[in-house]
Amino acid sequence: MKKFIGYEKGVNFGGWLSQCSEYTDEHYKTFIVESDFEKVAAWGVDHVRVPVDWQVFQREDGTFIESGFSYVDNAILWAKENKLNLILDLHKTLGYSFDAGEEKNNFFANEKLHAHFYALWEEFSKRYVKYEDMMAFELLNEVTSPSYSDAWNKISAKAIETIRKHSKTIKILIGGYWNNSIDSLKDLLPPADENIVYNFHCYDPLMFTHQGAIWISGIPADFRLAYPASFKAHNDAARSLGFPDFVSHVEDESKTYGADFFVQKWQAGLKVCQERDVPIYCGEYGVIDRATPEQTLAWYKDINAAFKKCGIGRAAWNYKLMDFGLSDDRMKGVIGELVKYL
């Protein structure tokens with residue numbers, strides 16, 4: 001299977017130009033600065049994934065906001081100075097958000113919104129394909145429903161054509177439905193060319209990584225689950241809280257989660273990538289800050305072992321804050337050890 005060269009070990013800069021507490025120049029100028037790039041480079045990563053939202057760069061009428069592009073310009077400069085590669089990830093586009101609470105999911109059936117999306121990728125391409133030796137494009141973060149699959153295949157194909165007018169070789173990342181589930185890769189179109197990368201996210205087992213997550217309806221804010229834990233402990237919690245989709249299906253529920261769990265769970269997606277000769281990449285993985293730092297470290301050790309065994313490049317979610325912050329004060333006791341397992 002092909003490797004995604006230069007993107008083996010990374011970290012996300014979520015919350016900077018995406019999912020912002022406020023979309024203002026003051027926020028963009030202060031949330032992430034040059035020293036943050038220096039810090040993650042010292043962690044030993046080889047790249048950063050930079051999520052961005054459309055409204056940083058575009059108005060609803062489609063006109064561009066020049067100041068928004070200046071922050072990507074800075075990110076490229078700081079990445080280059082610290083010998084880091086960079087993924088530009090369009091996290092939200094006009095009319096679509098992976099966050100169901102925002103109820104902005106009319107994108108897939110609206111051609112005017114498609115045009116808005118293509119125009120932004122046209123502009124990104126004009127400006128940034130010249131950096132393709134250290135930069136890749138990710139078309140859209142976390143398509144949610146399988147019902148969008150056919151439309152997404154058509155839209156992503158057109159977006160690739162748009163980018164390819166400017167570069168035949170810049171790497172382009174595409175993920176599938178169920179929020180970039182590895183199990184949805186089979187329903188993506190075969191890669192349009194040899195410079196496509198299939199992208200997935202992994203937050204398994206979700207009852208652990210998202211314990212107490214207030215944005216998931218039905219999970220109590222005070223719910224806690226240890227790691228490592230038995231499959232039974234996890235599955236009993238998922239069943240009791242009404243999340244049958246979160247149940248891990250194994251023959252022996254008395255066994256404990258570990259690296260083998262991830263390796264087995266990824267096999268179907270890996271097979272798709274092998275058959276289509278396309279690299280695979282995990283753009284997000286991490287543990288919510290409701291878990292203890294020690295248990296978070298244990299989880300990172302296991303998933304890291306699985307990534308290495310399967311040869312999967314990845315970027316941890318998230319560098320700071322956003323409920324998953326690795327550089328937050330609470331992680332000081334383990335971060336020196338944990339960064340070995342990114």
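## A tour from the barrel to its loops

Start by selecting strand S1 (residues 9-12) and strand S8 (residues 313-316): the two run parallel and are joined by three bridges. Keep in mind as you go that this is a predicted model. Now pick out Val11; its bridge partner in S8 is Ala316.

Next, bring the other strands into view. In what order do the eight strands close into a barrel? Follow them as S1-S2-S3-S4-S5-S6-S7-S8, with parallel pairing. From one strand to the next, the twist averages 30°.

From S8, move on to the loop between S8 and helix H12 (335-338), where you will find Asn318. Zoom in on the link between Trp317 and Asn318: this is a cis peptide bond, with omega about 10°. Most peptide bonds are trans. For another cis peptide bond, select Tyr227 and Pro228, where omega is about 0°. Pro228 sits in the loop between helix H7 (206-209) and helix H8 (231-240).

The last stops concern phi. Most residues other than glycine have a negative phi. Select Gln19, in the loop between S1 and helix H1 (25-31). Gln19 is not a glycine, yet its phi is positive, at about 50°. Gln19 counts as partly exposed because its relative accessibility is 26%, between the 20% and 50% cut-offs.

Finally, go to Lys83, in the loop between helix H3 (66-81) and strand S3 (85-92). Its phi is positive too, near 55°, and Lys83 is a residue other than glycine. Is Lys83 buried or exposed? With a relative accessible area of 75%, Lys83 is exposed, since the cut-off for that word is over 50%.

Note on methods:
Residues numbered from 1 in each chain as written. Predicted model: local features only at pLDDT ≥ 70, side-chain atom pairs only at ≥ 80, totals over all residues. Heavy atoms only, no water. Pairing = 2+ DSSP bridges. Helix = DSSP H or I, 4+ residues; strand = E, 2+ residues; numbered from the N terminus. Axes fitted to C-alpha atoms, helices over the stretch in contact; angles between N-to-C directions. Buried < 20%, exposed > 50% of the residue type's maximum accessible area, 1.4 Å probe, protein only.
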